[in-house]
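Visitor: I have a structure open beside its sequence, and I would like to be walked through it. Could you take my questions one at a time?

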Amino acid sequence: MSASPGLSDGRWRWPDTVLWLVPLIWYVAWPDHLLLGSQVIITALFTLSLDLLLGYAGVVSLGHAAFFGLGAYTAGLLAVHGWREPLTGLAAAGVVAALAGLATSFLVVRGKALSQLMITLGIGILLYEAANKASSVTGGVDGLSDISMDRLLGVFRFDLAGKTAYGYSLAVAFAGFLLVKRIVASPFGLSLRAIREGAQRMPAIGAPVGRRLVAVFTIAAGLAGIAGALLTQTTQFVALEVLGFERSAAVLIMLALGGTGQLYGAFIGAALFMGMQDLLARQNPAYWQFWLGLMLVAVVLRGRGGVLGGVEAVRDRLRRTAR
Amino acid sequence: MTEALRTEGLCKHWGGLRANDQVSLRLPVGARHALIGPNGAGKTTFVNLLTGVLAPSAGRVFLGDTDITRLAMHQRVRRGLVRTFQINTLFAGLTVLESVVLAICERTGLAGTWHRAVARCTEPVAEAKDLLDRLRLGPAANTLTRNLPYGRQRLLEIALALAMRPRVLLLDEPASGIPASESTEVFEVIAALPGDVTVLFIEHDMDLVFRFAQRVAVLVDGRLLTEGTPGEIAADPRVRDVYLGEVTGEAERPFPGEEKRDAPGSAR
């Protein structure tokens, strides 16, 4: 046990092992489905970045895809113009998205929930239309193609089966997970949770709320940008919809489904959402969102904490009956 | 005498309403000062002006020799001007220990740290546990704040303020909403504060005011009516007028020794 039970110690625990065993098992068991696997992992990283912002700091966003898309286009444009080294391209995308996050954070963090929703939504729409209009640069609705990447670390070629893409996405998502896990266990992470729980009390303990929110918004934007860049580099294509409102809405849904403020929720939500999309859409592509809507309402009404919240409620009940 | 806190002609006007009007008050270092007055007299407004929740229409606030009138709330807190709230404004989803550790981290500048786990910040954690033990909150350290009984929450309010190591502590009805037995406990904690901490507290319970205050300031209709020792205040006919004139139907208790005669309901 740690020296101070009840405080976050950021240690590795068995659910972490379970979480990261799943994609490894997937790689061995379903080698034909690595493309779907990569997409889930990338989306999970994107969802994780929103969890840091919404689940921990309590800042709501309807335009988080803006930063995902910015990262995707940065990586794509770099590759199209000759910069094909994946890792530096990834880093550059993260930096660009983080800077955009920093610049826009000042508009977002001052307001209450509704104005946060509207401002992030507005930023998302603005970027989408800007990318649409600047078709000579971005390819507009046709998307950005002709992207090819160098070998990863100079060794691993991006193959058609998607083995490299899968391993690459997994490694980057894992690094992102470790970073976020560390942040949320720190005093900075504690202050974010406190802002979520009672922002009006924070100045009375000397906390600069605005500065903290600017910091977390920047970090979340940077992570979202890295996720976007991963998508570009592993699929070698950028579609305009990386910036779309649907993506911002979907990531919010995934987080709500999985459960906010617990890290794992982002992964569970992304896997659930995309798994359902894949299964249900195969049977009836037009209809799958009906089931999604139904599940969303049920999960949010029943659990509030998403799937993870439901698991916790069941566990508590079992403990109480055991006693 | 050196002053810990001083106001000069502090005013807060909302249109024609003078919530605070020309309030000039001096708190010497180490004072135990009570601020009393009928409901709506502007007591909380005054505290809000001191702490920076509200901007004054006119007048200035000095902490020691420094003019802090234009500083933001969190900047005043960092300089040692700390308050508690009349209604609990706590972090419902944080544990008691987490809340106090956070407050200490904010004071010491550790709260921007992102690479070290909270549990490994040994000094703030040890300090927080000491503080909680002093306030008899030790056994509740790992309780979620929202699951804490109301009286304990009042103590946590004070713990959060003390975690900031205040030079001047403003307590807005620290014992409101809790039974008399527990309110004594709250005031014993306040009385046991180090002598260099200056305390200004708003309190309706005159028993508590007369037991714990060295001096009393009376605010009526936004103006400072008078200021003096508890004995002087109790003997002041103007103060009696104000209180006796408005006692009927009010939740506030009249002066000690008069309650049975004037408020028959309270005998039961």
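Visitor: In which order do the six strands of the open sheet in chain B stand?
Guide: This is a predicted model, in which local features need pLDDT of at least 70 and side-chain atom pairs count only at pLDDT 80 or more, while totals for chains, interfaces and linings use all residues. Residues are numbered from 1 along each chain as its sequence is written, and chains are lettered from A and ligands numbered from 1 in the order in which they are written. Helices (H or I, at least four residues) and strands (E, at least two) are DSSP runs numbered from the N terminus, and two strands pair if DSSP finds at least two bridges between them. On that basis the pairing in this open sheet of chain B is mixed, and the order of its six strands is 7-8-9-4-10-11.

Visitor: Which strands of chain B stand at the edges of this sheet?
Guide: An edge strand has a single partner strand, so one side of it is left without a neighbour in the sheet. Neighbouring strands here are turned by 20 degrees against each other on average, direction ignored, where axes are lines fitted to C-alpha atoms, for helices over the stretch in contact, and angles run from 0 to 180 degrees between N-to-C directions. The two edge strands of chain B are strand 7 (81-84) and strand 11 (223-228).

Visitor: Which residue of strand 9 of chain B stands opposite D172(B)?
Guide: Strand 8 (residues 168-172) and strand 9 (residues 198-202) of chain B run parallel and are joined by five bridges. Within this pair, L169(B) has V199(B) opposite it, whereas the residue opposite D172(B) is I202(B).

Visitor: How many residues of strand 8 of chain B are buried?
Guide: A residue is buried if 20 or more other C-beta atoms lie within 10 Å of its own, exposed if 12 or fewer, and partly exposed in between, with C-beta atoms placed from the backbone. In a regular strand the side chains alternate between the two faces of the sheet. In strand 8 of chain B, V168(B), L170(B) and D172(B) point one way and L169(B) and L171(B) the other, and all are buried. The strand is thus mostly covered, the number buried being five of five.

Visitor: Which helix of chain B packs on the sheet and touches strand 4?
Guide: Two residues are in contact if their C-beta atoms, placed from the backbone, lie within 7 Å. The helix in question also touches strands 7, 8, 9 and 10 of chain B, and its direction makes about 150 degrees with that of strand 8. The helix is helix 1 (residues 43-51) of chain B.

Visitor: Is L156(B) buried or exposed?
Guide: L156(B) is found in helix 5 of chain B, a helix (residues 150-162) that lies across strand 7 and strand 8 of that chain. Leaving aside neighbours within four places in sequence, its contacts include L90(B), V96(B) and L137(B), and its C-alpha atom is separated by 7.2 Å from that of V96(B), 60 residues apart along the chain. Because it has 24 C-beta neighbours inside 10 Å, L156(B) counts as buried.

Visitor: Which helix of chain A gives the most to the side that touches chain B?
Guide: In this interface 29 residues of chain A are in contact with 38 residues of chain B. The elements of chain A that give two or more residues to it are helix 7 (163-185) and helix 8 (187-198). With eight residues, the element that gives the most is helix 8 of chain A.

Visitor: Are helix 7 and helix 9 of chain A roughly parallel or roughly antiparallel?
Guide: The axes of helix 7 and helix 9 (residues 209-235) of chain A are 10 Å apart, and the helices pack at an angle of about 175 degrees. Angles under 35 degrees count as roughly parallel, over 145 as roughly antiparallel, 65 to 115 as roughly perpendicular and the rest as oblique. Helix 7 of chain A is therefore, relative to helix 9 of chain A, roughly antiparallel.

Visitor: What is the phi of D221(B)?
Guide: D221(B) is found in the loop between strand 10 and strand 11 of chain B, and it counts as partly exposed because it has 15 C-beta neighbours inside 10 Å. Although D221(B) is not a glycine, its phi is positive, at about 50 degrees.
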